[in-house]
Amino acid sequence: MDVLREVYAIIQQRIKEKPEGSYVAKLTTDDKKKAINKICEKIGEEATELILAAKDNNKDEVIYESADLIFHIMVLLAYLGIEYDELMAEFERRKK
Ligand SMILES: N=c1c2ncn([C@@H]3O[C@H](COP(=O)(O)OP(=O)(O)OP(=O)(O)O)[C@@H](O)[C@H]3O)c2ncn1[C@@H]1O[C@H](COP(=O)(O)O)[C@@H](O)[C@H]1O
């Protein structure tokens, strides 16, 4: 089961349908510039939290903050209309 692919599809659906109570919808309902700012701000915050957790050598926190960071990066990519497979193709291209 590819859980990241599943979550990505849910994110794309939330961006499109904007259901009440959706965190993704909340991040992406403003105009494009504001929405991108909001998402990027979260990416910055989560990256900082991950760095702090790593410096504390706190494995559980590193996992938790990594998931937060990856999630927000996926929201950004999906918001920009990028498909999950396009990201996977880039990793495939780099594979040695
Ligand atoms: N994986 C996640 C996920 N990871 C993190 N988050 C949210 O990201 C935010 C992280 O921000 P912080 O750590 O700063 O916590 P916070 O202070 O509560 O956040 P803010 O109020 O400051 O935004 C939290 O609100 C988390 O709930 C996520 N929200 C949703 N998902 C997935 O996205 C899907 C769609 O979610 P909804 O849009 O809410 O339906 C869900 O099915 C989940 O699979």
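I began with the contacts of the chain, taking a contact to mean heavy atoms within 4.5 Å, and found that residues 24 or more positions apart account for 61% of those with a separation of 6 or more. The model is a predicted one, in which local features need pLDDT of at least 70 and side-chain atom pairs count only at pLDDT 80 or more, while totals for chains, interfaces and linings use all residues. I number residues from 1 along each chain as its sequence is written, and side-chain values use heavy atoms, with hydrogens and water left out.

**Overall layout**

I looked up the secondary structure, where helices (H or I, at least four residues) and strands (E, at least two) are DSSP runs numbered from the N terminus, and the chain has five helices and zero strands. The C-alpha trace spans about 40 × 30 × 25 Å along its principal axes. For accessible areas, which come from the Shrake-Rupley method with a 1.4 Å probe and, for residues, count only the protein chains shown as cover, I noted about 7000 Å² for the chain, with 56% of this belonging to carbon and sulfur atoms. Of the 96 residues, 25% are buried, where buried means under 20% relative accessible area, exposed over 50% and partly exposed in between (1.4 Å probe, protein chains only).

**Helix H3**

After H3 comes Asn 57, whose phi is positive, near 55°. Ala 35, Ile 39, Ile 43, Glu 46, Leu 50 and Ala 53 are buried in H3, and the buried residues of this helix pack against H2 and H4.

**Around the ligand**

I then listed the residues near the ligand (one heavy atom within 4 Å), and these are Ile 10, Arg 14, Ser 22, Tyr 23, Val 24, Lys 42, Glu 45, Glu 46, Asp 68, Phe 71 and His 72. Counting Ala, Val, Leu, Ile, Met, Phe, Trp, Tyr, Cys and Pro as nonpolar, Asp, Glu, Lys and Arg as charged, and the others, Gly among them, as polar, I have four nonpolar, two polar and five charged residues in this shell. An oxygen atom of the ligand lies 2.8 Å from a polar backbone atom of Tyr 23, a backbone N or O atom of Val 24 is 2.9 Å from a ligand oxygen, and a side-chain N or O atom of Glu 46 is 3.4 Å from an oxygen of the ligand. The protein covers 55% of the 820 Å² of accessible area that the ligand has on its own. Helices H1 (3–17), H2 (23–28), H3 (32–55) and H4 (59–79) each give two or more residues to the shell.

His 72, in helix H4, is buried at a relative accessible area of 3%. Leaving aside neighbours within four places in sequence, I find His 72 in contact with Tyr 23, Leu 27, Ile 39, Lys 42, Ile 43 and Glu 46.

Thr 28, in helix H2, counts as buried at 2% relative accessibility. A polar atom of the Thr 28 side chain lies 2.7 Å from the backbone oxygen of Val 24. With neighbours within four places again left aside, the contacts of Thr 28 are Ile 15, Lys 18, Ala 35, Ile 39, Val 75 and Tyr 79.

Terms used
A polar contact is a pair of N or O atoms within 3.5 Å; within protein, one must be able to donate a hydrogen and the other to accept it, and residues adjacent in sequence count only if both atoms are side-chain atoms.
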